[in-house]
Amino acid sequence: MGATGNIGSRLVRLLAADERVGSVVGVARRPPRWTLPRTTWVRADITKDPGLAALFAGADVVVNLAVLFQPSRHPDITWRTNVIGGERVFRAVAEAGVPALVHASSVVAYGPGPKDRPVDENWPTDGWPTAPYPREKAYLERLLDIFEHRHPGVRVVRLRPGIVIAAESAPQQRRVFVGPYLPGRRPPGALRLVPSVPRMRFQALHRDDAADAFHRAVLRPVHGPFNLAADPVVDAGLVAELTGARTFPLPYRAARAAVDLAWRARLLATSADMFDAVLALPLMDTSRARLELGWTPRHSASDAITEFLAGLRQGGGTDTPPLRRTIPHGGRLREAATGTGERQ
């Protein structure tokens, strides 16, 4: 599930190229047109299709990467995909007798935590209660707790990556988190400033490194949760260093008010509640992934951000429906016309 998204599109390629893998079934609501060796694409909607257990029959591992970030203004819709759809996937795994389930959780599943030291996988996964996406990811963690209790014979892996970025995902993430009004190119000579907001420190990693961790989780006999992130920690100073910009202090209240006003005016796709959630995210310790998965990111967070910013400037995107460069039949004009924060 989610085989055409940011991580999934790369993971499918890794699995298809691995001689240890007999076959790959990529499940998506909108399958791509391209093909890969030993790979079959299946069109399915995890929120309503009745045949998920039959689809999973005979599989060695099911990887759940399906996720919906928008519409942020209609959390009932994202809940239907992220929670109800996720629960249907878990139930189908049990019904089909699949021996392993790899689930894409997230750093946003964690409750508020420290910004001056990393926490391990035992940090509470309470999410941020007022933002839909963290709330949904935290709820899925509870569903997995129940699933593991009821089905102890299934190997369950929960991967909790930081913010996953790449040049190919830049157009999608611009649509999802910002909206249509972010300039594609900076005017020559324009002054660039990066606001420095208290506690705005988070972790990121390159999409290829995230996919590599999922690849390893599929094939290695590991179980349980794993944090995924690359160094260094991202803050205003790092972004300014990479872009040649300057930082300026911006108090929390002013920053939140600006985000809230822009979201309510439909100029921004991210709500103030999600802004609060990012400020509350803990920093993660990735020792367990390095020791048990044998995983080490090949790209630094700085490299990932540099590539992501290049993708924003140069168009980015790739040939899958979620990662396409523009929305068909109108591009950014259609994004604005259909409502910022309404679609991705």
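Colleague: Which residues line the second largest cavity?

Modeller: In this predicted model, the lining consists of Val 107, Lys 115, Gly 162, Arg 201, Phe 202, Gln 203, Leu 281, Pro 282, Leu 283 and Met 284. The elements that give two or more residues to this lining are E9 and strand E13 (283-284). The volume of the second largest cavity is about 40 Å³.

Colleague: What makes it a cavity and not a pocket?

Modeller: A cavity is a set of points where a 1.4 Å probe fits but cannot get out, whereas a pocket is an open set. The structure holds two cavities of 30 Å³ or more. Helix H1 (8-16), strand E1 (24-28), helix H2 (52-56), E3 and helix H6 (207-219) each give two or more residues to the pocket lining.

Colleague: Why is the pair of Phe 69 and Tyr 133 called tilted?

Modeller: Two rings pair if their centres lie within 6.5 Å, and planes under 30 degrees apart count as stacked, over 60 as edge-to-face and the rest as tilted. By this rule the count comes to six aromatic pairs. For Phe 69 and Tyr 133 the centres are 4.7 Å apart and the planes stand at 55 degrees, so this pair is tilted. Phe 69 lies in the loop between strand E3 (62-64) and helix H3 (75-96) and Tyr 133 in helix H4 (residues 132-150), so the pair ties together parts that are 64 residues apart in sequence.

Colleague: Why is the pair of Phe 69 and Phe 177 called edge-to-face?

Modeller: The planes of these two rings are at 65 degrees and the limit is over 60, so the pair of Phe 69 and Phe 177 is edge-to-face, with centres 5.5 Å apart. This pair also links distant parts of the chain, since Phe 177 belongs to helix H5 (residues 170-178), 108 residues from Phe 69. Ring pairs link Phe 69, Tyr 133 and Phe 177 into a cluster.

Colleague: What makes H5 mostly covered?

Modeller: Seven of the nine residues in H5 are buried. They are Ala 170, Pro 171, Gln 172, Gln 173, Arg 174, Arg 175 and Val 176. Just after H5, Gly 179 takes a positive phi of about 120 degrees.

Colleague: How do you know that Arg 73 lies over the face of Trp 263?

Modeller: The CZ of an Arg must be within 6 Å of the ring centre and within 35 degrees of the ring normal. Arg 73 is at 4.3 Å from the ring centre of Trp 263 and lies over its face. Arg 288 likewise lies over the face of Phe 226, at 4.1 Å from the ring centre.

Colleague: What makes E7 and E11 edge strands?

Modeller: Strand E7 (163-165) and strand E11 (230-234) each pair on one side only. They belong to an open sheet of three strands in the order E7-E9-E11, with mixed pairing. E7 and strand E9 (residues 202-206) pair in the parallel sense over three bridges, where at least two are needed.

How values were computed:
Residues are numbered from 1 along each chain as its sequence is written. This is a predicted model: local features need pLDDT of at least 70, side-chain atom pairs count only at pLDDT 80 or more; totals for chains, interfaces and linings use all residues. Side-chain values use heavy atoms; hydrogens and water are left out. Helices (H or I, at least four residues) and strands (E, at least two) are DSSP runs, numbered from the N terminus. Buried means under 20% relative accessible area, exposed over 50%, partly exposed in between (1.4 Å probe, protein chains only). On a 1 Å grid over the protein atoms alone, a cavity is a set of points where a 1.4 Å probe fits but cannot get out, and a pocket is an open set with protein on both sides within 12 Å along at least five of seven lines; lining residues have an atom within 4 Å of a point. Grid points are joined across faces, edges and corners, and a volume is the space filled by probe spheres set on the points.
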